[in-house]
Amino acid sequence: MVDAIAGKEADNEAPSTPKVHQEAAPATSASQDKQGQQQQFVPRKLLVILHGKRIEDDQVRDAIKQLKDEGHEVVVRVTWDSGDVDQFVKEAVELWDSQRYDTLVAGGGDGTLNELVAALLRHDAPRHISIAQLPMGTANDLASAAGISLAPLDALRLALDPSTIHAIDVPLANGEVFMNLATAGPMSAVSSKGMSDSLKKLLGPAAVAVAGFRQLFITGLRPIPGVTLTLPTSADCRHDNYTPDQV
């Protein structure tokens, strides 16, 4: 179990601000107001592990610069090769006593977040480490479900806010971490990886559906016999054993 993730549940409304009757407050000087704001400000430290294909995104650059100008420390590590996420997380864990990041941010899609969480578990990271997502993938399904904004500045501000941290469970399939969903059978062959980045950016989440139709009509979805998913029996489960006709 990963101890925490920065995010909001999609079905939770933002708390309303109580409205109270107040008498006019005495006038204060600008210097007093500024001093009060400085006392309330608490700088935080983020490690952003950014997918290499997103390094030229101007919105991300502007958002990180904005947070740095406000006094926060944002360290960016950019992935290039397979295994980079694992290496960056390993270094962060090994240097935790000296670095002390408040939150590790996965700058990418669901796959990048999945790699980050798997690396944390693999390297026995402290349970109090929180994670967040800067959603920059094709579908950003998990971010949408968690209520994380697709605007880089808003997503990073959410990562800075300790009040949004919630503990979540990390599921495993055959010992492998999956943070969002796992597919079995012919649908597991569907992927948008063959599309250009510009087309995926244009289509957004619809790119996955387009890839599915392409797979269906060009190569076909061949059934895989003998696939059975066994889940714990609980009141929330309709079946404890799922066969291909039920999946």
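**Exercise 1. Check the length of helix α2, residues 58-69.**

Step 1. Count the residues: α2 has twelve.

**Exercise 2. Which residues of α2 are buried, and what do they pack against?**

Step 1. Use the cut-off: buried means under 20% relative accessible area.
Step 2. Apply it. Val60, Ala63, Ile64 and Leu67 are the buried residues of α2.
Step 3. Look down the axis. The buried residues of α2 fall within an arc of 95 degrees, so they line one face of the helix.
Step 4. Recall the general rule. An α-helix has 3.6 residues a turn, so residues three or four places apart point the same way.
Step 5. Turn to the face away from the buried side. Here α2 carries the exposed residues Asp58, Asp62, Lys65 and Asp69.
Step 6. Find the partners. The buried residues of α2 pack against β2 (45-50), β3 (73-78), β5 (130-135) and α7 (152-160).

**Exercise 3. Describe the two ends of α2.**

Step 1. Go to the start. A side-chain oxygen of Asp57 comes to within 2.9 Å of the backbone nitrogen of Gln59.
Step 2. Go past the end. Gly71 follows α2, and its phi is positive, near 110 degrees.

**Exercise 4. Which element gives the most residues to the largest nonpolar core?**

Step 1. Size up the core. It has 24 residues. Those with the most contacts inside it are Ile49, Val89, Leu104, Leu116, Val117, Leu120 and Ile131.
Step 2. List suppliers. β2, α3 (84-94), β4 (103-108) and α5 (110-122) each supply at least two residues of this core.
Step 3. Pick the top one. α5 gives the most, with six residues.
Step 4. Zoom in on Leu120. Leaving out residues up to four places away in sequence, Leu120 touches Val89, Val93, Leu104, Ala125, Ile129 and Ile131.
Step 5. Look elsewhere. Apart from this core lies another, of 19 residues, including Ile64, Val74, Leu134 and Ala155.

**Exercise 5. Is Thr79 buried or exposed, and what does its side chain reach?**

Step 1. Thr79 is in the loop between β3 and α3.
Step 2. Judge burial. The relative accessible area of Thr79 is 11%, and buried means under 20%, so Thr79 is buried.
Step 3. Follow the side chain. The side chain of Thr79 reaches the backbone nitrogen of Gly52 at 3.1 Å.
Step 4. Name some neighbours. Thr79 touches, among others, Ile49, His51, Asp84 and Phe88.

**Exercise 6. Describe the loop residues Arg100 and Asp124.**

Step 1. Arg100 sits in the loop between α4 and β4. Its phi is near 55 degrees, a positive value in a residue other than glycine. Arg100 is partly exposed, at 45% relative accessible area.
Step 2. Asp124 sits in the loop between α5 and β5. Its phi is also positive, near 50 degrees. At 66% relative accessibility, Asp124 counts as exposed.

**Exercise 7. Where does the pLDDT stay under 50?**

Step 1. Start with the whole protein. The mean pLDDT is 74, and 57% of the residues reach 70 or more.
Step 2. The pLDDT stays under 50 over residues 3-26. Over residues 237-247 the pLDDT is below 50 too.
Step 3. Draw the lesson. Where pLDDT is low, the predicted coordinates should not be read in detail.

Technical notes. Residues are numbered from 1 along each chain as its sequence is written. This is a predicted model: local features need pLDDT of at least 70, side-chain atom pairs count only at pLDDT 80 or more; totals for chains, interfaces and linings use all residues. Side-chain values use heavy atoms; hydrogens and water are left out. Helices (H or I, at least four residues) and strands (E, at least two) are DSSP runs, numbered from the N terminus. The expected span of a helix is 1.5 Å times one less than its number of residues. Buried means under 20% relative accessible area, exposed over 50%, partly exposed in between (1.4 Å probe, protein chains only). The arc is that of the directions from the helix axis to the C-beta atoms. Contact means heavy atoms within 4.5 Å. A polar contact is a pair of N or O atoms within 3.5 Å; within protein, one must be able to donate a hydrogen and the other to accept it, and residues adjacent in sequence count only if both atoms are side-chain atoms. A nonpolar core is a set of buried Ala, Val, Leu, Ile, Met, Phe, Trp, Tyr and Cys residues joined through side-chain atoms within 4.5 Å. pLDDT is the predictor's confidence in each residue, from 0 to 100.
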